Structures are given as structure tokens and as C-alpha cells.
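Hi,

Here is the structure I promised to pass on.

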Amino acid sequence: MSFFNSLTFIPDWPVLVQFAIATFILSITPGPDMTLFVGRALSEGKAAGFACLAGASSGIVIHTTMVAIGLSALIIASPSAFWVLKVVGAGYLVFLAIQALRKGSAFSPEKSSGKKHTLFQNWATGLGINLLNPKIILFNMTFLPQFVSAHDPHAPGKLFFLGLSFIPLSLPVVVPMILAADKFAGLLKKNPTVTRWVDYVFAGVFSVFALKILLAEGK
């Protein structure tokens, strides 16, 4: 018991469960990363898909480190500013929910071009798509604060832990997609209602998170 109590960077179970749910919803929502993984698996084989996944995961590590350092500095400098960021972040989650309902998810895997990339090239492509997407930076800056308190002395460690845990939490969802790329892509193409339901779930879950934080901060 004392060992687990010493792991101050691990959030409480309710927070971990909420974060895991949010990660699951994000993982099944079609976007640039998923399109790349499945598209390369379809056109060049599963190894290419996993190489792209490794590249994107490397990008998540970099993004998380940068964002967590910035948020940690903000907590130390001004807990009030961090609170404002959380409220703004809640509003951004509502905006994302509305966008999901209005525009829907995009999934258009690339077709085989005949020329195959090396594993390193696929890794670099995954890294580039992740690092060069400004929405990921903005999302991390507004999403991670929802799961920590500015008054928690262990908030910096928890920010790092949550950000990096996104990778192992998403693997049970993403890996099967790559392994069954042809079936998964066919499902989304032949049944567009599936992606719409994913959009509805995404919008619902993130609206609940936003409402929860707004009500909590308003007390």
C-alpha cells in the first residue's frame, strides 16, 4: 500500500477511468492519424501501418513533454491562469463536439501507388503528421488540464503520466484496426452511419466532460 501511495504522479482511479474513456473515444474517431495507419496497412502491408503508428506515438511523446512542461510552469506561476485555461478548454471541447456533429469524421485511406516506402519513411511520415498538426497541440493544451487540479502539488507529474498513458491506452483500439485494415476500412466505407455514431458518441462524451468541469469550477 505504501508503495502505491508513493506513486504520486498517478491520478486517482476515477480520473484514470475518465481519461481512459476519453482516450477510447479519441482512438476510434477517424482522423489523419487513423487514415494514415489503415491506409498504409492496406497499400503496403501491416508493417508499414505499425511503422506509421510508431512515428505518431513518437510525436505524442514530444507533444506531451512540451505541453506538460508548459502547463506545469503555468501552475507554478499562476494557478488562477491555469483555472482560466481549464474553463477555456472546456469551451473548446464543446466546440469540438459541435464540429463533430456538423461536419463529421473524415476517413479516406490512400490507394496503392505501386511505390513502397521504407519502414523509416513510414515512421517519419507518422511523426510528421503528428508534429505538424497544430490541432494536436491545442487539444493537448486544453484537454489534459481537465484531469488535474491547479492546487494539486503533484499536478506536473500527473500531466506527464496522463499524456504519455494515451499511447498504451490507445493501442488496444488502434492495433486491431491495422491488423484488420481491409475489413475495418470496408466497414467505414460501406456503413457511413458507423462513423456518424462515433461522432455522436464523441460529441456526447466531450460535452459531458466540458459541463462537468464548468460546473466544478463554478462552485
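By class, the α4–α8 contact has 20 nonpolar, 6 polar and 1 charged residues. Here Ala, Val, Leu, Ile, Met, Phe, Trp, Tyr, Cys and Pro count as nonpolar, Asp, Glu, Lys and Arg as charged, and the others, Gly among them, as polar.

Before going on, a word on the source: this is a predicted model, where local features need pLDDT of at least 70 and side-chain atom pairs count only at pLDDT 80 or more, while totals for chains, interfaces and linings use all residues. Residues are numbered from 1 along each chain as its sequence is written, and side-chain values use heavy atoms, with hydrogens and water left out.

Back to the helices (DSSP runs of H or I, at least four residues, numbered from the N terminus). The axes of α4 (residues 46–77) and α8 (residues 155–179) come within 9 Å and cross at roughly 165 degrees. Axes are lines fitted to C-alpha atoms over the stretch in contact, and angles run from 0 to 180 degrees between N-to-C directions. α4 and α8 are therefore roughly antiparallel (over 145 degrees; under 35 is roughly parallel, 65 to 115 roughly perpendicular, the rest oblique).

α2 also packs on α8, at about 45 degrees with the axes 9 Å apart, so α2 and α8 are oblique to each other. That crossing of α2 past α8 is right-handed. The crossing of α3 and α9 is left-handed; their axes come within 9 Å at roughly 125 degrees.

What about aromatic pairs? The count comes to 8, taking rings of Phe, Tyr and Trp (its six-membered ring) with centres within 6.5 Å; planes under 30 degrees apart are stacked, over 60 edge-to-face and the rest tilted. One of them is Phe 143 with Phe 206, a tilted pair at 5.8 Å centre to centre and 40 degrees between the planes. Phe 143 sits in α7 and Phe 206 in α10, so this pair ties together parts that are 63 residues apart in sequence.

Happy to talk it over.

Cheers

Technical notes: Helices (H or I, at least four residues) and strands (E, at least two) are DSSP runs, numbered from the N terminus. A crossing is left-handed if the near helix is turned anticlockwise from the far one by less than a right angle, and right-handed if clockwise.
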